[in-house]
Amino acid sequence: MLKIVRYAPEAWNMLQGVFCVYKPADMTMNHLRKVLIGNLSRDLNLLKTRPATPMVAIEGSVTENLVVKVTENYADHPLVLGPRYQPKDIKLAWAHQLDKNISGVCILGVNSGTKGTHKVRESQLIRSYIVSGQFGRTTDTLFNDGKVIGKSTYKHVTRGRLMRTLMTIQAGHQRSALHFLGLDPQSQEAYEALSADGLVRPGEKSPPLIYALKIVDFNLPDFTLEVSCINENAVYLQHLVHDLALRLKTTAVCTQMRCIRYGPWTLQHSLLHKHWCLEHILDNITHSKPLFKDIMPKSASLVMLKNEQSKEL
């Protein structure tokens, strides 16, 4: 049941938690934070704010009757102090920093919810990206907006060769995940770790790990991949496209990167730019509470397995 809030202090008390927005491309995280804080402070000031605190004054002489008067306190008047809610009053943090060239799902925490972003970050949730590329050229930045520094042929690249190369890369990352445990890939312990119910995630910060690579579209020279990974950034995804092309004896450049999933949050949970206002953010915080409670991995993580091994020793 929706609740209509018209009193600013009540809305301020509700503005605590984690929410999800859709970050556009060509927008930095600092600019996104500035826009959100500005919109929130604007909408809070449009609501009914608390009145100025009255000033109590005692007048008269000690030898005579003292008179207590309540007068208007100009030191607490909005015309003197400015708006009740200012951008510096709102705390806002993100769980994972998205590069300027990446669009998509972005998890944020407001006020006391900034602590929740630390929990989201420490949970090592899997992020999925739609990464688009183009065969036949490469740039100095490995992205579409860079200066072209090389061209090559790509007619020999087929969907089957691309699929086999992706499977090779994915298998290599699965073996790399076992190195954080110091396990032999042929041992029983490694088999139990890989056959656990769910994905085995490292419990501490590690290099980027890829869990799944899938072809979404293949139409030479353009191609689109779905990449599920952790601890990645924009530079790593661009290098992934570049290294993939080198394995296929050609060159490629990344043209687009879009985050479509962050743990339980998907594009359906994300607020578009036109919905970055107090009303929709409060509603999104309510819908994100059950998702936030379920972010801890149910399957064994590498840090859990590592602790069990240390106990046995």
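This is a predicted model: local features need pLDDT of at least 70, side-chain atom pairs count only at pLDDT 80 or more; totals for chains, interfaces and linings use all residues.
If we take the contacts between residues at least 6 apart in sequence, 74% of them join residues that are at least 24 apart.

Let us turn to the inside. The largest nonpolar core has 69 residues, and those with the most contacts inside it are Leu-15, Phe-19, Leu-108, Phe-135, Val-227 and Trp-265. Phe-19, to take one of these, is in contact with residues that include Leu-36, Leu-92, Leu-108, Ile-281 and Ile-285, once its neighbours within four places in sequence are left aside. There is also a second, separate core of five residues, and among them are Ile-126, Ala-177, Leu-209 and Ile-230.

Now for the cysteine, Cys-229, which sits in strand S10, a strand that covers residues 222–230. Is Cys-229 buried or exposed? Cys-229 counts as buried because its relative accessible area is 0%, and the cut-off for buried is under 20%.

Which residues does Cys-229 touch, if we do not count those up to four places away in sequence? They are Leu-125, Ile-126, Arg-127 and Tyr-129, together with Leu-209, Ile-210 and Tyr-211. Of these, Tyr-129 is 100 residues away from Cys-229 in sequence, and yet the two are 8.4 Å apart in space, C-alpha to C-alpha.

Definitions and conventions: Residues are numbered from 1 along each chain as its sequence is written. Side-chain values use heavy atoms; hydrogens and water are left out. Helices (H or I, at least four residues) and strands (E, at least two) are DSSP runs, numbered from the N terminus. Buried means under 20% relative accessible area, exposed over 50%, partly exposed in between (1.4 Å probe, protein chains only). Contact means heavy atoms within 4.5 Å. A nonpolar core is a set of buried Ala, Val, Leu, Ile, Met, Phe, Trp, Tyr and Cys residues joined through side-chain atoms within 4.5 Å.
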